[in-house]
Amino acid sequence: MGELFVTIIFITALVLAVYWYAGYSVREGRAIDENQNFIPDTWEEKAGWFFKGRNLIILGLGILLGYVLGYLLPLA
Ligand SMILES: [Ca+2]
């Protein structure tokens, strides 16, 4: 379970980094963002689901993290 926890932390960090970098590259003017949603338009074409489901993906990762953490460190 400990390895699973590290894996989920790693995946969560990676996913958050991708979301952050999407906004960063637009703000820095490195990517074209015609519809001004702070997601490079080329990324939206390739992986629109990843950005459309952003809230759900972060929520899911959070629940998963909480679940594994609760298993590793039971309070009672
Ligand atoms: Ca865009």
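The conversation below concerns this predicted model.

Reader: How many helices and strands does the chain have?
Author: The secondary structure consists of three helices and zero strands. Read from the N terminus, the order of elements is α-α-α.

Reader: Is the chain compact or spread out?
Author: The chain is more spread out than a compact globule, because its radius of gyration is 16 Å, well over the 11 Å that the globule rule gives for 76 residues. Along the principal axes, the C-alpha atoms fill a box of roughly 50 × 20 × 20 Å.

Reader: And what percentage of the residues is buried?
Author: Buried residues account for 4% of the 76 residues.

Reader: What does helix 1 span, and what would one expect?
Author: Helix 1 covers residues 2-27, which is 26 residues. From its first C-alpha to its last it reaches 37 Å, close to the expected 38 Å at 1.5 Å a residue.

Reader: What about helix 3?
Author: Helix 3 runs over residues 54-72, and its end C-alpha atoms are 27 Å apart.

Reader: Which residue takes a positive phi just after helix 1?
Author: That is G29, with a phi of about 75°.

Reader: Let us turn to packing. How does one describe two packed helices?
Author: One gives the angle between their axes and the distance between the axes. For helix 1 and helix 3, the angle is about 155° and the axes are 10 Å apart.

Reader: Are those two helices roughly parallel or roughly antiparallel?
Author: Helix 1 and helix 3 are roughly antiparallel, because angles over 145 degrees count as such. The crossing of helix 1 and helix 3 is left-handed.

Reader: Which residues make the contact?
Author: From helix 1 the contact includes L4, F5, I8 and Y19. From helix 3 it includes R54, I57, L61 and L65.

Reader: You mentioned R54. Where is it, and how far is it from Y19?
Author: R54 lies in helix 3. R54 and Y19 are 35 residues apart in sequence, yet their C-alpha atoms are 8.3 Å apart in space.

Reader: Why is R54 classed as partly exposed?
Author: R54 has 14 other C-beta atoms within 10 Å. A residue counts as buried at 20 or more and exposed at 12 or fewer, so R54 falls in between.

Terms used
Residues numbered from 1 in each chain as written. Predicted model: local features only at pLDDT ≥ 70, side-chain atom pairs only at ≥ 80, totals over all residues. Helix = DSSP H or I, 4+ residues; strand = E, 2+ residues; numbered from the N terminus. Rg over C-alpha atoms; globule rule 2.2 N^0.38 Å. Expected span 1.5 Å × (residues − 1). Axes fitted to C-alpha atoms, helices over the stretch in contact; angles between N-to-C directions. Parallel < 35°, antiparallel > 145°, perpendicular 65-115°, else oblique. Left-handed = near helix turned anticlockwise from the far one by under 90°. Contact = placed C-beta atoms within 7 Å.
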